[in-house]
Structure formats: structure tokens, C-alpha cells
Amino acid sequence: MKKRVLFIHCADIHLDAPFSIFGNENLSSERRKDLKKTFEFITELVMDKNADFLIIAGDLYEHGYVSRNTIGWINGQFKKLGQKPVIIVPGNHDPYVKNSWYRSYNWNDNVHILTTENPEYYDENLNVYFYGIGFDSFHQDNLPVQKAPQVLPGRFNICLFHGTLDMQFAQSPYNPVTSGYLTGLGFDYYALGHFHSRNEALSDIGIINPGSPEPLGFDEEGEHGVYLVELTREESLKREYTFVKTQQRAYFDMDINIEDVKSHAGLLEKIEDILCMYDSQKNIFRINLTGRRYLDSHIDVNTLRHQFENACFSIQFYDNTRPMYDLDELAKEKNLTGIFVRKMKERMDNADGEEKQLLERALYLGLEALLEGNVVIPE
Amino acid sequence: MRIKKININGFGKFEDRLFLLKPGMNVFYGCNEAGKSTLQSFIRGMLYGLKGGKRSKDGALPPLKQYKPWTAKAYGGILEYELDNGKTYTVARNFDRNTVTVYDEYSNNITGSFPAGREEGIKFAEQHLGLPESCFERTVFIGQMQSILNNEGKKIIAERLANIKQTGDEEISFRKAMEALKEAQLFYVGSERTTTRPLNIINSRLQEAIDEEKEYIRQHESCMDMFLELEQLQKRETDLKKEWDELNRLKEKLARKYETEKLEKVYKSLLNCYKQLSDVENDINAEKEALESTLARLKEYEVFKIYSRNDLDEMISDHTYYKLLCNELEGYESENSENEERIMKIQGEIQQYKLFAEEKPERVDEVIHEVLQYNSTEANNDNTEDKAGQRMKKHASLAGFVAGIIVMIISFVLKPYNTAIFAAGLAVSALAGAFFISSVKTGNLKSDERTQKNIQKQKHQENLGLLNSWMRQVNAGSIHDFIRLKSIFQDKIKQLDDLMIKRQKLAESKNKILINIEEYKKRILIRLTSANIVSGSAFEERDVQKWRTGMETFSMLEQTVRDIKNELASLNQKKESLYREASVIAGHDFGSLTALEREIQDRITEIESLKSEFNGAADIFSSLTPEDMDTRIKQIGDELGHVKLRINTLSTRLENTPDGEMIQKAHERVQILTKEKQEKLFLGKAFDIAMEVLAEASVDLQRNYSPYLNEAVGNIMSTITGGKYRDIRTDDSLRLNIQPPDIAERVIPEQLSSGTADQVYFALRLAAVMLMEKDGETMPLFLDDPFVQYDEERTINALSLLKNESEKRQIILFTCKKREVELVRQIFSDKDINVVSL
């Protein structure tokens, strides 16, 4: 009877996902290639670490976008693993729907897809019992009703789960479940997927969410990778986890205050200095320029982007600076401008969020029109 | 604006009237009902039209009906006016037809260049004066005792004042800023009404991108569905092929089975033929042997060869007749003997009673008759008991008659009288009387016959003696025996006659029979002799029998030979037929039975060989007919064909379906364009807000018209009241409050005298006109007896004010007071005024 298993746990690779943030088709294609590189890296990791099997806890690919070629390519990667099993549970982005590739494609023999109809797989050689809770549709308000797991002592019991764990909101359309419920099932390890940021807070009770191996947007900053998990059963069960970074690129979303910048050259210099601190050629940046603008003219974010795009994999600028108007002074005036500023400020005081942004924009547009006689917006 | 010419075709009391007006003061003087109000209404109607419809609530006619010409046929006229810019316009209206035409100074019809309202019609006046009718009638058009403005009038003027353009830097900056914002919004965003602006372009591109994405999604879904279907079809194809192959193998085996069965049938048929042929051959041989022996026997009966079946029948017939005739002859002889015996017997019996032959029969019968008659008569007369009875009857009848009479008498005596008793007495006496009369009559008749009887008795004695003599001769015991014997004698005589006739007939018949017998005998003998059965003239029945047997045997043998020959022919035909059948079954001719036997052996070998090929499949064949199998094979074949076709179709479609990143790129385009659209909408909304707030700010600023208005109203009131009222203020709703001199609190107009209140509102109207026409068209003033409530001083002051006003605007004053005309002439003495008497 096998007493130790070593495996790779990954999830949320989202192969062939669209990337709309770049505004550049080449870059989004490049990012999809990154996803494939990352996935290839994961399969190589299985071989390099001589792991017993590979677990993919949902969202391997994007059902709505994945191409036939990619499906064939994925199967080719699985084939490289030889006899090493690949255990997959469908996620909400690659659910086991009627025309799912999981259904229609003739996958390699080492690929085991755990579905609601057939949620379990027992590997006799490895002595591992796999049980999966995944998705049959794009949304699931409740856990699917499926065959109860057969957790038996003496073998390794692993649960693959794709969904929301311990969320505050009661209603989640993505398999809402509590960690208490999961641990109550009695598995030795819970391979989670769905959330793209890694979470090992519950690793003591065998719950790991590895996050996305490759970040997919600016809301996925930080390190991304997979877990190399070792389960050993001697007198008691022992779990060891090793995080392995797999990402090709990182996202950086930052604010740069340019109040101290007096010239366009100064602005470029400031940005350059900041980018130097990161591996800019490889990574993806979103820079929000903030503060009062002492520059004479508007900031042309497109020109800025063109100036820095060769220095970065991708960079985008957002102009959130404010013109150099003394609103308090203007508000004191008895004329039309004074009344306008007072009225706008009054409205802004009663607004927040996007509404406030909108009013602020309207204020500066109006002021520009009143004071400059025309409105110029750099495109 | 100033009115130059008023030409009335027909309007109320006016008909074909022409009024020429001057730029400054124009006074229309006329006493009451001279047509001042009508003329004002004409001017107003020419500018804004006349309202039609129904009567108002107070019963007043609508203007359109009110001013219908009294006499003139045409209802309308012409108004000529000049604007501040020096351009002259002419308006022609026909109120009947509700038509209006506007001509420019070159007589061009420019009616179509003005906006038109559904109710207002062509709005040339609003455009030229800058005032709608509602505002016109509340400002420049001051009717008799109508200076005071109600709340609605104030509201209309206030709104108008709030909308009038400002002057100065603020107005310029507002306008410039609004234009800049509008221009920028149009340039950077656009709107729903634009078509080529950034938002429109983004919307258009976004829609294209959305459509493109939808198409790619559809293709993607379709591709996945096709792939799924393809996978299922390929599996189905494999299953169908397997089943098809299996069924074809089975079909092959089944074909072997059926071939074997066919061969077995052939074998059985051939074997059957063989057996039948063997039997036929045996039968032929047997028949041949039978024919030979029959022919040999036939030779023995060759003597009968000359006879035919008819001869046999004749022989039988002859012999039968011959025998019948012999029997008949015997019968005749026997009958003849019996007849002779009976003749002899009867002749003996006749001899015994010869008396009857000797005596005359008539005499004998007479004697018998008389004796018998006499005896009969004597017997009747000797009956005495009959006479005593006759007497008894007489007595009884008489007694009955008497009794009846008595009863009737008693009936008369009895009281009361009884009819029934009388009737009974009458009936009894009548019956008894009748009976008595009958008894007396019978007694008288019997006594008459007694004399004649005695004569007859003597004759009887004679006859009786004769009869007794005859009776003794024939030994008769009584007369009756004698009569019976006489009758027997007569019968015997008769019988003897009959027998004698019969003897004669029998003799004749016998002779005829003998002749016939000889004839038949002769014919029989000829046949018997020719057959060597008899040689003499006699024959016996057995000879005839022998001839008949011989003849029949000969016939029978002859028939047998024919039958055998027929049978042989039939058998030979059957043999040929069987050989033909075997040839057809086997497919080739057979020369002999041995050859057929060899063929059968070959078939057995072939069948055994075939059977070994489908052994084991028999169970399947039992549950599957060839038709089932063919149907199933056809079904599978058809389905397989469809499946293959569908696989090819799907494969081709899949090959032709692009498989790349189009869908992601389309989605990204949609996302980017959606974001751009949101940014544009955000910007557009920011522009809207900026403009909205700027407009609000401007309105706030405009609301500051109050100081200007207050100042103007104050100035006008000060002029009219000789400086008494200067401080007059209005709020946003044009509510007035006045600071009277020497009073701490401010008052409202209604607290003042009606004349002063009228003057305050006149001042307000004039001030409002002054503000409204700022930067616009200078409007004429239409005043209908405005100074009715004014005192002399204030009238002069007001006219002085109007004199100043007439410097820049046309004033049309209607008055019915001569004094006012004089005052105008006096005050405007240095001016060229136009006074028109109506």
C-alpha cells in the first residue's frame, strides 16, 4: 500500500481567455501564449518533480473561447505525462455542459474528468481516491447533487472543488460552500479552484487555493503559481506544500502624483525613474497620473504610452490630474463663473464615487469653457 | 416695428377703410361705438389671427364671429409694417378662409419662411416682434381699464423677462461658454441626433464588433456542437459498420443455407422423379406382359369376332323373348285346362236344376210374387192389439178435452180473474180435442179393406199349390230356398257362357305364341351354330349361356387389350413427362434412369458440402428471416450512408470553420469599444452637467433683472405721479410693492387708489416692454383710453412720458375724449402727430 503521494495542484489557467485591457491584439495574443507557456511549465513541473499526478481544480480553459487547436494542444500536454494521471474537475468557465470538450473530445487515457454524473475516480496503483465537485453549467447557486464520496481510511482521499469558499455573501452563483462543510467530508486534501489569488490560510486542515498560475488582470497582482503537495501517511497524515511560481508576467497598477512636475520632460523623467524599479520589459503597467497639473497643456496619455511602450510589455496611462484652478477664489466671484463654481461645488459636496468624478469633470469642462473660451480634450 | 398702413376690406362695422399711420404718435379719436376697439382688434387679428370656436362662459362671441363684417363681403384686410431694420412687410388675411400671406418689401410671398403653429398659424408676428400673443396683449396692448395684471399675466411676463437676453460681459461669457461646451461636446462626443461624431462612430463600430462577436460566438458554439455530433457520429459509424459486417456475414451464411435448401428441393424433386420413373417403368413392363396374355386368350374367342355388341344384345333379347314365350305358352295351356275343368263342373250343376230350364221363368216369378204378396197382407189385418189401443186413445182424448173446459170455467169463477189458468185450460182442451178427432178417422178406414181381401185369398190358394209342387222338384224347404236356388241356376248359366268365350280366346293366343317361338328359336340357332355350340335344330339354355359367355369374354378381352394399350401409352407419356421434369429441375437431359440416379448422387454430395459451411448459425436463422435481414441491412446501410454523409459534411464544415483567436479578438474589440463608449458617455454627461449648471448659473444671474425693472418702473411712476412714487420693487413673480411717500411700510398696488394702481401697472407694462425689447425689435404701444382714471396732471405727465417714448417707438392711442386729443396736440405741438377721427 502506497504511503506517500506527490502531486501538482493547479487551477484557473483560463487557456484562450480574452484580454481586453491592452487595446492591442498582438499583446492579447501574446498573453494567451503566456497562458500556454505557463501550462506547459506546469506539466513539465510534474515530470521534473516526478509527481504522481496532476490536479486541475477547474477553469482549465475558457469554454466560450477555446479553439480546437488549443484543446488538441492541451491533450498533447497531457500525453507528455505518460501514465501519470491528470484529474480534472470542470469549473464555471469550462463547465460540463452539453457540448463541453470534456464530453466530446477523445482525451488521453490518463485524463480523468470528475463530473456530477461520475464524480469519483480511484487509482489503485497510487491508492488515491479522487472526488470532484465542479460545474455542469456556467452558474450554480447550490452544490450539485451527486453521489456521496466514499472516503475510506488507508487510502489517500482528495477532493477537487471549484467554487466559492467561506464567502460573506449568502448567495453566490458559484458553488457556495463553507470550509466546515468541506472538512466534514473527511478528505485528506482539498484541491480548490475559482479564486485567482492564492490562499493557504486553511492549509493546516488540508485546504489550498493555488490561485491562477498566470495573472489575468490588474486585480491579480502578486505572485502566481501552483502547489507541489506531498501527502504522507505513516502513523498520521502529513501534508507538505511548496508554492512554485509559474507566472510569465506581473501586473502593476500604480498612481504617480505629478504635482511636482513642471515640464513634459520632467514628467517623462519621473515615469522612467519609477519604471526602472520594475522589470518593465516583461511586465504590464497601468499608471494613473494624479495631482494638480502645473503643466500648461493637457497630458496626452496616448503620446505618453507611445513613448514608453517599447520599454514595457504593456503600459497604459490614465490622466486623473486636475487643472490649476483656484476653485475657492473663483467661487467667491459675483459673476457667472462664481455662480457656476458655487453650484458645481454644491453638487459635488452631495455626491461621491463616480458621480463626484463626473461632476468634477463637468466643473473643469465648464471652467475651461468659461475661462478659456474653448474646450480641448487630448485624444 | 411700426405699422404703416391699415387697409380693412371688411371687419365688424368697417368696410373698405384705409388708415395710414406715422412713426410717432397716432391718435384715433371717436366717440363711443365709433370702432376704436374694433380697429385695435383688427390690428391684433392681423398680427396674431382671430380665435374662433364657441361662445365663452360669459356668453361673449369668439372674436372670429364677433367681427364678422356687417355689410362687406370680404372678411379681412391688409396690414403693412416696417421693422427696426427698415424692412417692410405686408400681411394679407382672409378671416373667412383663415388664410394669411406675408409679403416682403419686394412683394415676395415669404409666408412659408415662418414657423407655423397648429393653433397659432403662421408665427410671423412672434418672430418679428419677439413676443408671443400672450405676452403682446399683456404688455404693448393696453386695453380700456385693463392695465392691471392678474397673476397669470404677471407669470407670463416674468417668464418672458427671465428668458430675455442679457447684455454685457456676462451674457457674452455665458453664450461663449455654452457654445464652447456644445461645440466640444459635439466634437468630442456627439449625440443621438448626430451621425458622424465620435460617439456615433464608436456606437457604430461597437455594434459591428458586437455583431461580429455574436457571429463568432455562434460559430464557436456551432463548432463545439458539430464536434460533439461528429464524435457521436463516428462512434455510431463504427457501431453501424460492425453491425453491417456481421449482418452481411450472416446474410452470406443464410444465402448458403437457402442454396442448400434449394439444392435439397432439387434433390428431392429429382428423387421423386426417379421414384416415379421407376414405378412407371415397372408398370409399363407389367402392362406389356398383361397385353401378351390377353391377346393369347383373345385368340381363343376368335369365332365371336364377327359379332358385335349389338349381336350380343339381340341374342340376349331373343333368348329372353324366347323364354318368355315358352313360359307364356305353358301358362295358356294351364289356363285352358282349368277352363275346361270349370266348364264340365258347371254343366253338371245346371243339370241338377233343370226345372228352371223347363218352366217359363216369368210364370215362376209371378207365382212367387203373388204368394209372397198375399202372405204379407194377411199378416197386417190380424193385429187386434192395435184396435184396443185406438179406443183407449179416443177416451183419453175426450177426458182431456173436458178437463181443459173445466179449467177455463174455473178461471172465470176465480176472483180475481187469472189469465194464466184460462190459457192452460184452453191449451189442454184444444190438444185433447184434436187427438180425439184423429182416433175416430183411423177406425173408419180399416173396415173398408176387409171385403177385397177375401177375393184375393182364393187366388192365393191356387198359386201356393203350384209353388209347393216346384219346391219339391228342386228339394226346396221354403219359398225363400226356392227363390235362392232359382237365382243360383241363373248365375251358373251365365258362368258357363263366359267360360266358353274364354276357351275360344285361349286357343287363338296359343297359336300366335307358337309362331313367335319358332321365329326366335331360328335366330338363336343360327348364332349358336356359327359358334360351333350346337349342330342340330335344338338348343338348350346352357348353350345360349355358353354363347353369351363366349361373346362377353371376347368383348371383355378386346376391351382389356384396348385398356392395356391405353395404359401403356399413358405410362409412356408419364415417363416422358417425368424425364422432361427431371431435365428441367436438373438443367439438362437424362438419357436413362441410371443417369438420373447418378445426378441425384452428385446432388447429395453437393448438399453435404454446403451444409458444413453454415453449421452453427441455424439458431440465428430461425429468429431472422431473409426479409428481416435485408430490411435491417438496408436500414443500417441507409443510416450508415447518412452518418457518413453527415460526418463528411461536418468534417468539411469544421475544416472550413476558422479556428483561431477571432472570438477573443472580437470580444476584446467589444470590450475596448464599450469602454471607449462609456468614456464618451461619461464625457458627454459631464458636458451636459456643465451646460446644465452653467445655464442654471445664467438663470440665477438673469433673475437679477429685478433691479433694472424696478428702476424703470420707478422712473415711469415718478414721471406720471410727479415724483410722488419712485421706489417700486418687484419680486420673481412680479409681485409689486410700493413705498408711498411719508409712510414707513411698503404697500401693494391694491392698497393704493384705483387710479394710482392703474398707473403702477401701466408703468410695469411699459418697463417690461423696455426690458423685453432690449437688443430686439422696438415695439409700438397700443393704448385704448388709458387715462380714464388719471387726473389732469397725471394725464399730462403720462402724455409727456409718451412723447418721449414716441421718439423711439410708435404709439397708437385710442380715445373718445376730445380733451385728451387737445392735450396730445398741446404736448406734441412740436411733433408731427397723426390724428384720425373715426
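How many residues does the contact take from chain B and from chain A? The contact takes 40 residues from chain B and 36 residues from chain A, where two residues are in contact if their C-beta atoms, placed from the backbone, lie within 7 Å.

This is a predicted model, in which local features need pLDDT of at least 70, side-chain atom pairs count only at pLDDT 80 or more, and totals for chains, interfaces and linings use all residues. Residues are numbered from 1 along each chain as its sequence is written, while chains are lettered from A and ligands numbered from 1 in the order in which they are written.

**The contact, seen from chain B**

Begin by selecting the side of chain B that touches chain A; helix H6 (168-189), helix H7 (198-300) and helix H18 (662-702) of chain B are the elements that give two or more residues to that side. Helices (H or I, at least four residues) and strands (E, at least two) are DSSP runs, numbered from the N terminus. Next, select H18(B), which gives the most, with 20 residues. Coloured by class, this side of chain B shows 22 nonpolar, seven polar and 11 charged residues. Here Ala, Val, Leu, Ile, Met, Phe, Trp, Tyr, Cys and Pro count as nonpolar, Asp, Glu, Lys and Arg as charged, and the others, Gly among them, as polar.

**Helix H13 of chain B**

Now select residues 479-530 of chain B, which form helix H13 and number 52. From its first C-alpha to its last, helix H13 of chain B reaches 77 Å, close to the 76 Å expected at 1.5 Å a residue; the expected span is 1.5 Å times one less than the number of residues. The buried residues of H13(B) are B:Phe482, B:Lys486, B:Phe489, B:Ile524, B:Arg527 and B:Leu528. A residue is buried if 20 or more other C-beta atoms lie within 10 Å of its own, exposed if 12 or fewer, and partly exposed in between, with C-beta atoms placed from the backbone. Just after H13(B), select B:Asn532, which takes a positive phi of about 60°.

**Strand S2 of chain B**

Proceed to strand S2 (residues 14-20) of chain B, where B:Asp16 is found. B:Asp16 has a positive phi of about 50° although it is not a glycine. B:Asp16 is exposed, because 12 other C-beta atoms lie within 10 Å.

**Chain A**

Finally, display chain A, which has nine helices and 14 strands. Buried residues make up 40% of its 379 residues. Select A:His14 in the loop between strand S1 (4-10) and helix H1 (25-48) of chain A. A:His14 is buried, because 24 other C-beta atoms lie within 10 Å.
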